[in-house]
Structures are given as structure tokens and as C-alpha cells.
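Please look over the sequence and the model below before reading on. The paragraphs that follow go from a single helix to a pair of helices.

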Amino acid sequence: MAAQNCLVTNDWICGEYLRSRSQELTDATVQHIWITVVSVVIGVVVAFPLALLARRSRRFAGPVLGLTTVLYTVPSLAMFSLLLPLFGLSAALVVTGLVLYSLTILVRNILAGLESVPQEAKEAARGMGYGPARLLWEVELPLALPALMAGVRIATVSTIALTTVGSIVGRGGLGNLIDDALPSFFKAQVLAASVLCVLLAVVADLLLLGVQRLLTPWTRIRTTHDAVSTAGTAKAV
């Protein structure tokens, strides 16, 4: 009886709410994950050629970096309003807005990763007969993965937070629950949806960190070697 009364008394922590609205929470979480994944994947696909274009010439770097930065400064409500005539009240509206917001993070990190590749590695690859395409995919991109994955992690966490704004068109995942609960200040729903957003961000970041470690095993080897070297120096001293 006490557990049921928490809905009546509008408590922040309410087990009865979680039990009775579990399907609603699940549906909102699935929508949130779907919008986030689609937005980040499309963002990476769009950001990669933009980063290559910016790296090719300083003439392109300024406009590309400047445009993506300007897009990031546009308020979300204004962004969705500008896109509304093109996409209507649809998930495509939210996804497009999130993709545009992710570009400033992704383009800069991809560009930074590619520029951090040692010149010696590129010269050695060219000496072995690597052409531009093979050099990019087999040498530069693998060595740029740490910076690229760092950008994907930041963009993913940012997108999870920004997805909630999609509630203004009914496509905000967990943001829909927060928006619905605010007029009556339904505490249990606000807290549950907010906590789930935070958990999604933490889990996504940890998963991407695991993927990064799997894709870049040489960074773990280097870190271990540095630790051993430091310990040996300290012992000698």
C-alpha cells in the first residue's frame, strides 16, 4: 500500500511508477537509443569527407571548420524551426538537427587525428609504394583512430543529451517523458527519465571506450611499456 501511495504523494523515488510504466520507459529508451545511433553514424559518414576536404587545403579548412562551428552555436529550438519546412514533424527532423550539431566535434577530431600521424610513417608507406587511398586507409586512419574515437565518444554523449530536445516534435525519446511530466511536475517520471539519460550516456561511453581499446591494441602496449619504464627508473633512483 505504501509503495502505491508514492504515486499519490508524488514522491521522487517511486517503485510503483517503475513497475506500472515499465513498457512506457522501455519504448522511450529504445527510441532514444535509435535516434542517437542513427544521428552519430550519419554524422561520422558526413564528417569524414569534410575532414579530408579541410585537410587538403587551408582554402577549404577555414570554411569547413567555420561552418560546422556556426551550426553548433544555433539554438536547438531555432535549428528545428529552420528544418521544420523540409522534414515536418518527423524523426528525420530531429536526426538531421543532431547530425548538424555533431559535425563540429567529429570534423575537428578526425582532422586532428589525421594531422597527428607521424610524417615518418607516411614517408615509409610511400616508399613501399602506397598510393594516397591505401595510405589513408591502411596507415593514416588506423593511427588516427584514438582521436577519431574520442570524437565519436564526445559526440555520442552530447547527442544523447540533445535528443531530449526532440520532445518538441514528439521524437525526443526519454525527453518525451520529461516534457509530459513537467506541467504536473510528476517527480517520479522526471527523475526516472533523467537517470536513464545519464545511464545511457555512461554506458555508451564505456562501450565506445571498449571498442576503441579493441581497435587500437598498440596504445595499450605503449601505455604498459611506459609504465614499466617509469617504474624501472623510479627503482633505479
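Which residues of H5 are buried? This is a predicted model, in which local features need pLDDT of at least 70, side-chain atom pairs count only at pLDDT 80 or more, and totals for chains, interfaces and linings use all residues. Residues are numbered from 1 along each chain as its sequence is written, and side-chain values use heavy atoms, with hydrogens and water left out.

The protein chain holds 11 helices and 0 strands, where helices (H or I, at least four residues) and strands (E, at least two) are DSSP runs numbered from the N terminus. Of its 237 residues, 39% are buried, meaning under 20% relative accessible area, whereas exposed means over 50% and partly exposed in between, with a 1.4 Å probe and protein chains only.

In H5, the buried residues are Met-79, Phe-80 and Leu-83. They cover an arc of only 90° around the axis (taken from the directions from the helix axis to the C-beta atoms), which puts them on the same side of H5. An α-helix has 3.6 residues a turn, so residues three or four places apart point the same way. The face of H5 turned away from its buried side carries the exposed residues Leu-77, Leu-82 and Pro-85.

Helix H6 (residues 91-115) and helix H8 (residues 132-163) have axes, lines fitted to C-alpha atoms over the stretch in contact, that come within 8 Å and cross at roughly 150°, on a scale from 0 to 180 degrees between N-to-C directions. That makes H6 roughly antiparallel to H8, a term for angles over 145 degrees.

Note on methods: Angles under 35 degrees count as roughly parallel, over 145 as roughly antiparallel, 65 to 115 as roughly perpendicular and the rest as oblique.
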